[in-house]
Amino acid sequence: MNFLVWTSSPASGLTGAVRVPGDKSISHRAVMFASLADGTSRISGFLEGEDTRATARAFAQMGVRIDTTSASERVVHGVGIDGLTAPAAAIDCGNAGTGMRLLAGLLAGQAFDTILIGDESLSKRPMRRVIDPLARMGAKIDSGEGGLPPLRIHGGATLRGIDYTLPVASAQVKSALLLAGLYAQGETRVHEPHPTRDYTERMLRAFGWPIEFSAGHARLSGGHRLRATDVVVPADFSSAAFFLVAASILPGSELTLHDVGMNPRRTGLLQALRLMGADIRETNAREAGGEAIADLVVRHAPLHGIAVPVELVPDMIDEFPALFVAAAAAKGTTRVSGAAELRVKESDRIAVMAKGLRALGARIEETPDGAIIEGGALHAGEADSTGDHRCAMSFCVAGLVADGPVRVLDCANVATSFPGFLDLARACGFALA
């Protein structure tokens with residue numbers, strides 16, 4: 001059943017200035033590390049999304065007091081690295097793949113048993129990629145058929161550090177192993193075929209845990225403590241992505257996005273859009289809590305198709321639905337390869353975006369690890385997000401430049417990552433109803 005239908009209509013240009021919600025990845029990790037720290041931490045800019053709230057609820061279930069002092073503010077009273085207590089019921093991660101995978105690593109080292117469950121979408125996402133390397137560390141984790149949730153994590157396991165090379169670059173898997181490494185004997189080393197976002201590494205260092213990391217490599221040992229610290233969460237680049245693409249492809253646009261997180265392992269889309277001819281300027285560059293931040297000023301510019309450099313793929317894996325729309329509105333052909341990870345996100349994003357954009361008149365050929373997209377005019381029609389929040393918002397962007405209204409089906413999950421999207425989009429010129 002496709003509930004919560006939005007209609008996106010042609011618009012005349014996006015203008016003004018907006019600040020999208022806080023970074024989801026940083027919000028998850030801030031709650032986790034603050035909960036395990038000695039002392040009290042204040043988190044400002046916390047994403048008030050369903051995913052991040054689910055993570056906060058998980059730690060509340062395990063004995064952590066978390067106060068909501070105001071919207072987007074949390075005060076976390078840490079219980080220390082060994083201070084979590086057994087939850088009375090299963091921990092519901094909702095739609096949060098990040099929450100479930102990182103919790104699997106963190107909970108593998110606890111003295112008590114836990115069960116991790118999720119919603120219908122999360123229950124279809126593969127967890128074997130986390131379970132298998134954690135098992136090599138000594139973790140005892142049972143899953144549903146085929147390595148799917150729910151996960152039953154047996155407490156009391158003795159974890160040992162390992163030297164592990166990920167078969168597929170994944171910040172979530174890397175982070176799960178590093179979190180298990182906090183409780184492991186000896187040293188844990190993780191190597192990646194391509195560098196991924198390093199939020200976990202940066203935040204562990206900010207909370208005082210000794211860690212060494214460089215592009216594609218991280219190492220730490222167990223036996224240390226986390227110290228409470230205040231965290232300022234920058235605006236989420238993945239949420240800014242929809243506005244970057246929308247203002248780039250919609251004539252008459254000039255839009256400023258404030259306080260955007262500019263972690264180099266996150267901004268592959270920015271580089272790809274610039275290769276396509278986008279006019280995006282960085283201003284007021286600065287740093288907060290170890291993370292680079294800047295304001296982005298984006299103006300309409302004619303885009304052209306490109307072969308997306310494969311080295312950019314890990315740094316833009318969540319932004320590909322928005323890129324597909326940019327490619328469909330550009331002149332010429334865009335080729336995406338090396339992005340097989342898209343098929344195991346909240347949905348098979350290659351298939352969902354290809355089907356939805358074809359319904360709007362785009363010409364797209366799917367490949368096993370990407371797509372070939374022929375740019376051209378988009379038409380009125382109906383696109384089904386299949387409950388994937390990033391696909392839903394991307395189809396809303398497509399409606400701005402179509403020749404008539406675009407009905408976007410199944411939009412309820414947008415709240416998992418971008419609460420208030422509808423109001424913010426309307427405020428800068430989206431014609432959304």
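This is a predicted model: local features need pLDDT of at least 70, side-chain atom pairs count only at pLDDT 80 or more; totals for chains, interfaces and linings use all residues.
Reader: Which residues is Phe-320 in contact with, leaving aside neighbours within four places in sequence?

Author: Those are Val-313, Val-336, Ala-339 and Leu-342.

Reader: How do you know that the chain agrees with a compact globule?

Author: You set one radius against the other: a compact globule of 433 residues would have a radius of gyration near 22 Å, and the chain has 21 Å, so the two agree. Along its principal axes the C-alpha trace spans about 60 × 40 × 40 Å. As for what the chain is built from, there are twelve helices and 23 strands. Of the contacts with a separation of 6 or more, 74% are between residues 24 or more positions apart.

Reader: What share of the chain counts as buried, and what does the chain expose?

Author: Of the 433 residues, 58% count as buried. The chain exposes about 14900 Å², with carbon and sulfur atoms supplying 51% of it. On the charge side, there are 42 positive and 47 negative side chains, and the centres of the two sets lie 2 Å apart.

Reader: Why is His-28 called buried?

Author: Buried means under 20% relative accessible area. His-28 has 1%, so it is buried. This residue lies in helix α1 (residues 24-36). Not counting residues up to four places away in sequence, His-28 touches Asp-51, Thr-52, Thr-55, Ala-96, Thr-98 and Gly-99.

Reader: And why does Met-203 count as buried?

Author: The cut-off is under 20%, and Met-203 is at 8% relative accessibility, so Met-203 counts as buried. You'll find Met-203 in helix α6 (residues 199-206). Beyond its neighbours within four places in sequence, Met-203 is in contact with Ile-26, Arg-29, Ala-30, Phe-33 and Val-231.

Reader: What makes Thr-85 partly exposed?

Author: Buried is under 20%, exposed is over 50%, and partly exposed is in between. Thr-85 sits at 42% relative accessibility, so partly exposed is the label. Its place is in the loop between β5 (73-79) and β6 (91-92). Leaving out residues up to four places away in sequence, Thr-85 touches Gln-61, Met-62, Gly-63 and Phe-112. The C-alpha atoms of Thr-85 and Arg-136 are separated by 25 Å.

Reader: Which residues of helix α12 are buried, and what do they pack against?

Author: In α12 (residues 421-428), the buried residues are Phe-421, Leu-422, Leu-424, Ala-425 and Cys-428. They pack against β1 (6-9), β2 (15-18), α7, β15 (254-261), α11 (389-401) and β23 (431-432). Just after α12, Gly-429 takes a positive phi of about 125°.

Definitions and conventions. Residues are numbered from 1 along each chain as its sequence is written. Side-chain values use heavy atoms; hydrogens and water are left out. Contact means heavy atoms within 4.5 Å. Helices (H or I, at least four residues) and strands (E, at least two) are DSSP runs, numbered from the N terminus. The radius of gyration is taken over C-alpha atoms; the globule rule is 2.2 Å times the number of residues to the power 0.38. Buried means under 20% relative accessible area, exposed over 50%, partly exposed in between (1.4 Å probe, protein chains only). Accessible areas come from the Shrake-Rupley method with a 1.4 Å probe; for residues, only the protein chains shown count as cover. Lys and Arg count as positive and Asp and Glu as negative; His and the chain ends are not counted. The place of a charge is taken as NZ of Lys, CZ of Arg, CG of Asp or CD of Glu.
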